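This report describes a predicted model.

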Amino acid sequence: MLDSTALTRHHELSGTATRMPERMTISAEPHIRSGQWEDSLNFVALNADKAAYAELFNYFAPRLKAFGMKMFGNEQQALEMVQDTMLNVWKKARLFDASRGCASTWIFTIARNVRFDMLRKKQSRKDDISADDLWADGDYPELEESSSDQWETMLLSEKLAPYFDALPIAQRLVMQKVYLEEKSHQEVAEELDIPLGTVKSRIRLALDRLREALDDTRS
Amino acid sequence: MTHAVKYHPGMMLMEQYVEGTLAPDVALAVATHIDLCPHCQRLCQDIHNDQASSLAADDAPVMADDFAALFSAITAEPQLEKPRKTQQRDAVTVNINGREFRVPRALSRLANQHGKWLQLGGVATAKLPAGDKMHVSLLYIDKGTEIPNHTHLGLEMTLVLSGTICDENGEYGAGDLLINTPADTHTPHTRADEDCLCLSVLSAPLKFNKGLTRLLNPLQQFFY
């Protein structure tokens, strides 16, 4: 599975001559550049690249153990969690999708799900709630569809509408011209024949009111 | 137009849900809410990133461990192939009172295994096989039905899946999460023209407060 050409290709692709020595540094942690873990995971996925996996392993295994110690308070279970999590990182590397979140989040959710199912198994209730029920799409955090943004905006507008209508008329008029008719503050000031400062302060007041109305609903 | 979700789980519930430390039955209600609420989907994503970044932090305290054997064992394992298409769970529906309701993703496996519907007047409940310390069930309320005034001996979480519930405090539509504690007393009812399906998570039986409805107290296991 792992041949020398795969390794060579890895290093050509990574394009950094210093990568290898950096990885071997034990005393000081190498500088973490952004995208490093995503690259490593992709190499693991493409070539079953053990060197890239070693990078991930050396960095995350001890951190996962510390996390496991915190959550379980027990070394044996912490190690079991490290083992299952890192095994999943290796086996499921091809399922990782960088467009849906960064590598550390992916690894964190795997660890969280492993831990959850370990506790559940201990209670040996196979019909009970599983990690798959609670967290959508297996090891991925909640969906991030492109349409979800749009939907959120729509919901927000709908949610805002009644509060918008309840704004004092002077504020509502300014807000309508700025946000719905997309006019500049200056244009609005001229149209309504009021000072620019008044336009700005009405917008601030209206935004405060809307923000307050929205915050109110989170219990 | 989709109903705008108004009542969300608090930040602490959301954080414990992401962390995986919330009691599973409470987490189920939160997960179902998130399925129905784009706002909390985004929030949940942010909390995931936040918690993961503390796991991955440069200066995380680590102990020296010899993981060499583990490394060799893992890399000797075959890797999984990327699935051609992400599998979509089939839509799961529940049927009650001649109506069919589609349930959110988080409930799809459990709702397939719901217990027998028990009916009492305009109210019906079916247990989900998710009982730990809490009792988890589907709760159906027919249109124009009132549940007698009651107090909660423990925590009552009700997540509206379809329709609207009204009580003294307001109106709750699909996705809205109501949390009642022993300090709360309420008389929920449905609208005259619309029935309602909820997910109910109870940590203790309800206690009915008024007149003859107190006779229901021996029957409260119906709701529990």
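## An enclosed helix in chain A

Helix α3(A) is largely enclosed by the rest of the structure, because nine of its twelve residues are buried. Those buried residues are A:Q36, A:W37, A:E38, A:S40, A:L41, A:F43, A:V44, A:A45 and A:N47. From its first C-alpha to its last, α3(A) reaches 16 Å, which is close to the 16 Å expected at 1.5 Å a residue. The helix is followed by A:A48, a residue whose phi is positive, near 45 degrees.

## Chain A as a whole

The secondary structure of chain A consists of eleven helices and zero strands, and reading along the sequence accordingly gives the pattern α-α-α-α-α-α-α-α-α-α-α. Of the 219 residues in chain A, 43% are buried. Among the contacts in chain A with a separation of 6 or more, 55% are between residues 24 or more positions apart.

## Helix α5 and what covers it

Helix α5 of chain A, residues 75-91, has 17 residues and reaches 24 Å from its first C-alpha to its last, close to the 24 Å expected at 1.5 Å a residue. At the start of α5(A), a side-chain oxygen of A:N74 comes to within 2.9 Å of the backbone nitrogen of A:Q76.

The buried residues of α5(A) are A:Q77, A:A78, A:M81, A:V82, A:T85, A:M86, A:N88, A:V89 and A:W90. In general, an α-helix has 3.6 residues a turn, so residues three or four places apart point the same way. The cover over the buried residues of α5(A) includes α3 (36-47), α4 (50-72) and α6 of chain A, together with α4 (68-75) of chain B.

## Where chain A meets helix α1 of chain B

Helix α6 of chain A (residues 103-122) packs with helix α1 of chain B (residues 11-19) at an angle of about 85 degrees, their axes being 9 Å apart. Because angles of 65 to 115 degrees count as roughly perpendicular, that is the description that applies to α6(A) and α1(B). In this contact, A:F108, A:R112 and A:R115 of α6(A) meet B:Y17, B:V18 and B:E19 of α1(B). By class, the residues of the contact of α6(A) with α1(B) divide into three nonpolar, no polar and three charged.

## The crossing of α1 and α2 in chain B

Helix α1(B) also packs with helix α2 of chain B (residues 24-36), their axes coming within 10 Å and crossing at roughly 100 degrees. That angle makes α1(B) roughly perpendicular to α2(B). Here B:L13, B:M14 and B:Y17 of α1(B) meet B:V26, B:A27, B:V30, B:A31 and B:I34 of α2(B). The contact of α1(B) with α2(B) has eight nonpolar, no polar and no charged residues.

B:S137 lies in strand β5 of chain B, residues 135-141. B:S137 counts as buried because its relative accessibility is 8%, where the cut-off for buried is under 20%. Residues up to four places away in sequence not being counted, B:S137 touches B:A126, B:K127, B:L128, B:C198, B:L199 and B:S200.

B:N180 belongs to strand β10 of chain B, residues 177-180, and B:N180 is buried, with a relative accessible area of 5%. Leaving aside neighbours within four places in sequence, the residues in contact with B:N180 are B:H152, B:G154, B:L155, B:E156 and B:H186.

Technical notes. Residues numbered from 1 in each chain as written. Chains lettered and ligands numbered in written order. Predicted model: local features only at pLDDT ≥ 70, side-chain atom pairs only at ≥ 80, totals over all residues. Heavy atoms only, no water. Axes fitted to C-alpha atoms, helices over the stretch in contact; angles between N-to-C directions. Helix = DSSP H or I, 4+ residues; strand = E, 2+ residues; numbered from the N terminus. Parallel < 35°, antiparallel > 145°, perpendicular 65-115°, else oblique. Contact = heavy atoms within 4.5 Å. Nonpolar A, V, L, I, M, F, W, Y, C, P; charged D, E, K, R; others polar. Expected span 1.5 Å × (residues − 1). Buried < 20%, exposed > 50% of the residue type's maximum accessible area, 1.4 Å probe, protein only. Polar contact = N/O pair within 3.5 Å; in protein donor to acceptor, adjacent residues only side chain to side chain.
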